[in-house]
Amino acid sequence: MSSVHAIFITAMSLYFVFWSDLYSDQYNGGPITFRSSPLSTFALGVSVGYFLSDLGMIFWLYPALGGLEYVVHHTLSAIAVGYSMYTGEGQLYTFMVLISELTTPEINLRWYLDTAGLKKSSAYLINGVVIFFAWMVARILLFVYMFYHVYLHYHMVIEMHPMGFLLVFTVPSVLGAMNLMWFGKIIKGMMKTLAKRQ
């Protein structure tokens with residue numbers, strides 16, 4: 001379920017952030033922080049449904065599917081995505097953060113390879129390298145870009161409802177800190193795997 005959601009929302013997010021005119025500065029549709037469409041709202045609705053159902057599974061099987069960090073991640077994600085879907089505010093920044101779901105299929109594949117006893121295989125190593133680069137781009141560099149975009153469009157961000165304004169800064173900051181923490185673990189794991197190979 002998480003890989004299907006990740007592929008769907010990554011494709012939708014990439015479309016809205018980089019190819020759609022909806023959030024373009026050249027589009028004359030008012031402040032970008034208040035722009036939405038039926039398709040963008042639908043995509044966010046799918047994401048809210050995923051985060052809530054996955055959060056339910058995490059609670060049901062706690063802590064087998066993840067500890068407190070997964071509860072925090074999914075709770076913040078569901079609140080921010082739900083707010084953006086319901087109000088139409090800050091959808092561009094929500095999609096920028098959701099591009100980070102690009103890393104989910106690789107993380108899931110890592111688990112499958114490990115479970116299948118293929119931890120010493122070339123596929124496991126290649127997947128680990130892909131995770132490293134995908135994580136760096138989608139969960140580190142893209143977050144920097146998002147905050148830079150917020151800085152450039154602060155005059156529009158400040159017009160948002162206080163709750164939306166708070167979510168634009170708080171949720172990506174917390175998720176970004178978690179991404180850096182997890183990236184440190186990815187680097188350690190990759191170094192350990194590469195050292196074993198030599």
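Arg-110 sits in helix α5, which spans residues 104-115. Helices here are DSSP runs (H or I, at least four residues), numbered from the N terminus. The model is predicted; local features need pLDDT of at least 70, side-chain atom pairs count only at pLDDT 80 or more, and totals for chains, interfaces and linings use all residues. Residues are numbered from 1 along each chain as its sequence is written, and side-chain values use heavy atoms, with hydrogens and water left out.

Arg-110 counts as partly exposed because its relative accessibility is 37%. Buried means under 20% relative accessible area, exposed over 50%, and partly exposed in between (1.4 Å probe, protein chains only). Patch residues have over 30% relative accessible area and no salt bridge; like charges are joined within 9 Å, nonpolar side chains (Val, Leu, Ile, Met, Phe, Trp, Tyr) within 5 Å. A salt bridge places a side-chain nitrogen of Lys or Arg within 4 Å of a carboxyl oxygen of Asp or Glu.

A nonpolar surface patch covers about 1100 Å². Its residues include Tyr-15, Trp-19, Phe-42 and Tyr-148. Helices α1 (2-19), α2 (38-60) and α6 (122-152) each supply at least two residues. The most, 4 residues, come from α6. Trp-19 belongs to helix α1. Trp-19 is exposed, with a relative accessible area of 61%.

The largest nonpolar core has 44 residues. Such a core is a set of buried Ala, Val, Leu, Ile, Met, Phe, Trp, Tyr and Cys residues joined through side-chain atoms within 4.5 Å. Leu-92, Tyr-93, Phe-95 and Leu-98 have the most contacts inside the largest core. Elements giving two or more residues to this core include α3 (68-87), α4 (91-98) and α8 (162-197). The largest share, 9 residues, comes from α8.

Notes:
Areas by Shrake-Rupley, 256 points an atom, 1.4 Å probe, with all protein chains shown as cover.
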